[in-house]
Amino acid sequence: MAGVPSICPTLLFSDAKAAIKLLTEAFGFSQVAVYEGEDGSVMHAELAYGNGVVMLGSKGRGGMFDKVMEGAGPAGVYVVVDDVDAHHQRALEHGVEILTPPTDQDYGSRDYMARDAEGNIWSFGTYAPQL
């Protein structure tokens with residue numbers, strides 16, 4: 001289906017609202033949908049970047065996904081960006097922990113790596129896998 005991503009990373013956060021703020025303000029994701037429970041927890045959120053989407057929610061809400069993800073370690077997500085240096089600068093301006101600065105790789109990509117407040121690793125680069 002055109003315009004619909006086939007793979008969507010799905011993450012749970014102790015503070016999903018803070019994660020949404022980081023992803024939109026520091027990393028440039030667009031908020032597509034956020035559904036909150038009566039207690040203010042994030043039941044489900046979808047954030048887009050380019051033609052990809054990351055889905056996320058609050059930990060501790062119950063349900064099968066929450067149960068099987070309990071105790072899971074941080075995840076790594078790779079996002080293709082056009083201008084790595086500008087993207088890196090935006091992340092720096094928002095106080096994001098940068099693990100590696102923008103670097104030219106042997107295989108032709110330029111990328112950098114960052115860690116969010118809950119330990120997930122976000123890589124941003126010019127390498128774009130081809131289907």
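Across the whole of the predicted model, a search identifies four salt bridges. Side chains of opposite charge can pair when their charged atoms come close.

The side chains of R110 and D85 form a salt bridge, with a separation of 2.9 Å from N to O. This pair connects distant parts of the chain, since R110 belongs to strand 7 (residues 110-115) and D85 to helix 3 (residues 84-93), 25 residues apart. R110 has a relative accessibility of 24% and therefore counts as partly exposed. D85, with a relative accessibility of 37%, is likewise classed as partly exposed.

R110 also forms a salt bridge with D104, where the closest N and O atoms are 3.1 Å apart. D104 has a relative accessible area of 56% and is exposed, because the cut-off for this class is over 50%. Through salt bridges that share partners, D85, D104 and R110 are joined into one network.

A further salt bridge is found between R115 and E97, whose closest N and O atoms lie 3.1 Å apart. R115 is situated in strand 7 and E97 in strand 6 (residues 97-104), so this pair ties together parts of the chain that are 18 residues apart in sequence. With a relative accessible area of 30%, R115 is partly exposed. E97 is partly exposed as well, its relative accessible area being 39%.

Conventions:
Residues numbered from 1 in each chain as written. Predicted model: local features only at pLDDT ≥ 70, side-chain atom pairs only at ≥ 80, totals over all residues. Heavy atoms only, no water. Helix = DSSP H or I, 4+ residues; strand = E, 2+ residues; numbered from the N terminus. Buried < 20%, exposed > 50% of the residue type's maximum accessible area, 1.4 Å probe, protein only.
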